[in-house]
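Let's take a look inside a protein together. Have the sequence and the 3D view ready, and follow along as we go.

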Amino acid sequence: MARITLYITAIILFISGVGFAQFAYNHPELDWQTFETEHFIIHFYDATRHSAQEGAEVAELIYPKVTELYQYEPKSKTHLIFMDTDDIANGAAYYYDNKIVIWASPLDYELRGSHRWLQNVVTHEFTHIVTMQKSMKAGQNFPALYLQWIGYEPEKRKDVLFGYPNEIISYAVPGTVVPPWLAEGLAQYQFDGSDYDNWDTHRDMILRDRVMHDNLLSFPAMNSFGKRGIGNESVYNSGYALTRFIAVKYGSDKLRKLVQELSRPTRFSINQAIKRTVGIDGDSLYSQFAHTLEKRYEILTETVRTHEVGGRIILGEGTTNLYPIWDKGGKRFIYISNRGNDYFSQTNLYIHDMATKKEKLVAKGVQSAAAWSPDGQTIYYSRRPDHPNGSGSSYNDLFAYDIQKDKSTRLTKDSRGRSPVFIPGDSAIAYISTRDGMENVFMLSLADRSISQLTDFQDHRLVHQLHFDSDQNRLVFDATTNHFRNIYAYDFSDSTIRPLLNTREWDERDLTVSPDGNWLYADDRTGIFNLYQLNPETGKQTFVTNVLGGAFMPNVNSSGQCLYVEYADGGYKIALMDSLVPVDDELVGYSPVYYRRNGQLKRPILEQDVQREIYAYEDQFPPMFLLPRLMMDYNTFKPGFYFYSDEILHRLNIFGGAGMNRNKDVDLFFRFEFHRFFPTLYAETTYLTRNTFERNLYSVYSIDNNLRFRMVQFQGGMLIPIFGIDYLELYGNWQRYRAFIKETIPGEALQGGLAYDYYRGSSLGIHWKTDIHQPRFDGNINPSKQFVADLRLTYELNDFIDGLDLNNAGTLQEIFKSNDLWRFEGNIKWSKDIPHTPRWTLTTETEFGYISNQEADSFFNFFGGGLPGIQGYPFYSMEGKNLFVERLAFRVPVFRERHIKTGWLIWQNSVAGILFQFGDAWDTDFSMKKSIGFQWRINGFSFYNFPVAIGWEIHRGLTSFQKQYQEQTIQYGHENRNYFTILFGF
């Protein structure tokens, strides 16, 4: 039974749903420090000091307002952690840990308007903490309950207790059930009167576009993420709108009552929670909401729809087509696009030739505007390098692409530069860079690669899109100090900064200077972004577009043709106008005075208290998480629990579990990870027992045999991340397997027993894993554009029992035989989608293994059948010191990105596939076994947020073969074998 217990241990770890970030970097170079306020504990390091000080003031200012609305205060001080180790703009609320992580870089995202970052993100994440903790059904210590099942193949070896698993189920019942639209809607609503985040023109544009194109997210679609393009952002957007609708129509107190209703132990439906709160169910509320939106936008856009003015769309594939910029001759332009990719930010840089309509890919992963050299032979752009730096940080850098040589050269290292523009007089590149949340403009000399800083903003303003005005020898850029972008200029002649357009009530952005000297920029004073033209000499000004979606990022060539970006029908598209014609202001947007609604917006929070006592950080732990587990294992009920705790800064964590059935079979495992050094150090232990009963006949006596087996294993090692896509694991292992036999003759009061080790082993190994994949919304259920290589080499010192003998003391003693060996095993998987198909995919997976000691006991064999092998045959049907298995899969989507609601489940994707497998596990003679099978998969979300993945497969062995077990001959092949899983992924 020794071999099977090892496999079951691995399965228990897998179905627990708790993973470890083995590719993560630990950043031991950071010197963390702490200070406290009345309600928060703030953790930072020198590179985030300024953000931490301002963020602390924001947190204390908003604390009473958020907690008052929801009538809830966290039971202890909330931890605020400020990071700046990567070019990431995000925040995360770990509400069970009662901690918030803030990345200092401000969010500059084309699907949202511009708002001051710290006051917005701190309020947003703390609202998550308050609302989600208030919605907890069992407190902070009990995040979920696990329901689990493991079923086994009937076939097994003589020396094991059970066959290999062919049914694995792990399903979680969560301790919080809040759909994402509500969670994010509340975090954007924040509290009554809050405007740190507000219903800006971008949010209105996305929702209006969906309504006008009859594409509003359905209520089930709002209840889950997992979408392409702008789908996930639309959950935020629609959720914010619906939350505001509830607050305005029914009162903001209903938001608190709704969260409170969801905290009831038996309340798992948002529909019923809404009914108990506002008097109608969720579907009826949604119908009211959708009807209101339709009427609102029908009225507001009446004039626009009858007087629409815009260019013709020339590029519209994908959801993201941004930053079109003409070359000097006006015959080509560069832009970024996510076409062919699933997510909004997966953009690449292209050159488009207007005459031939041909395009050339310049670089992948470019997310900001690029720039031409004056001769049109070089393109300057920004992206993250292929691999993190030596500390594991991934920062944007500047690159130059030579068109003739078709080659890119990296210009900077860790500059964090983006949005480059070429400065001809200085032969330099100006760019924006961010440190500690403060954005400034820098300049790179192309002559000597020296870098100089042009601006010194210390107020956490956001700096956006750069443009060089050659006529005035100045750099034009957008900046956000509170809610809207305004336009400024840096004058190279005297190094001064002055505002060009600085209006408090509306947004002005993306200014470009036309060859005729006019300013052309995007303006949202009417409630819809349109292009606005201004003559700085005469003061003459006018709109030149009147679109239903939004117009941005204009760029004019020497012939007067204007490229711009238009938001329409769910995405940003590139449009062309051959000339600019004035549009009557009265016809544009919602209203010429729509901007007046912004007159009451509050001033930004700029205060900082730098007098607080700061002390060196000390390790701190949140409450231990306990996750009860109800498991059926080999037809016995085996209750238990998992436990987990992660230090506040993820410096160390522990994870383990325990379970026991009525036979006193015990499962115990524990893993400890230490993240204080560059490599992650870990130690884990497993303790398993299995008890079984046999009745034998000896002479005329019936003998009861009680057998107990025990496995103890310790392993320790280190995980070293490499290049961000690989990791190297070095490990050592120690194992002991022991058997206990107790014999009883019923009715005779006679009993005896013995105990002995039957396996003692230790090993040293090295493990390399590479995982290269393009993130896709269906990448788990239908893998494509993926390469995974998993290689392991282990040297094992194995002593396996060869018999028992009497020692000098007259007691039985084990006789061991050495089975030392080298074990090499690997798995290489490659997946690709078939071009010009709706995500039909091919996957090939090769598994192989070799044991150097070909005379080793069969206890150490590879096994080639069952769930991890050739599935047309049982797991133990083929075994040996050598292994080769090839798996080929062809999958076709049944449906994609649907939102089919069945009870508390929402199904999003389903695929069907044909699988062909061949190979063998053997000692001396390789004999090919073949199998063919059908696979069906479906995935989605359970209780709105927990992923659920169901897989069913039926396989049939195409090759018949026999296997001899002592005097028994077993026939394999030409029978159907089923496999079934319900897990969190595939």
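Below is a short tour of some inner parts of this predicted model.

## The nonpolar cores

Start with the largest nonpolar core, which has 82 residues. Ile42, Phe126, Trp181 and Ile270 are the ones with the most contacts inside it. Helix H2, running over residues 49–70, gives the most to this core: nine residues. Apart from it, you can find another core, this one of 39 residues, with Leu111, Tyr381, Phe552 and Leu563 among them.

Now zoom in on Ile270. If you skip residues up to four places away in sequence, Ile270 touches Pro179, Trp181, Leu182, Phe219, Asn223, Leu258, Leu262 and Tyr944.

## An enclosed helix

How many of the ten residues of H4 are buried? Ten of the ten, so this helix (residues 180–189) is largely enclosed by the rest of the structure. Just after H4 comes Gln190, which takes a positive phi of about 70°.

## Tyrosine 965

Next, hop over to strand E52 (residues 961–965), where you'll find Tyr965. Is Tyr965 buried or exposed? Its relative accessible area is 15%, so Tyr965 counts as buried, the cut-off being under 20%.

What is Tyr965 in contact with, leaving aside neighbours within four places in sequence? The list is Arg157, Tyr876, Glu879, Ile970 and Tyr972. Take Arg157: this residue and Tyr965 are 808 residues apart in sequence, yet 8.6 Å apart in space, C-alpha to C-alpha.

Notes
Residues are numbered from 1 along each chain as its sequence is written. This is a predicted model: local features need pLDDT of at least 70, side-chain atom pairs count only at pLDDT 80 or more; totals for chains, interfaces and linings use all residues. Side-chain values use heavy atoms; hydrogens and water are left out. A nonpolar core is a set of buried Ala, Val, Leu, Ile, Met, Phe, Trp, Tyr and Cys residues joined through side-chain atoms within 4.5 Å. Buried means under 20% relative accessible area, exposed over 50%, partly exposed in between (1.4 Å probe, protein chains only). Helices (H or I, at least four residues) and strands (E, at least two) are DSSP runs, numbered from the N terminus. Contact means heavy atoms within 4.5 Å.
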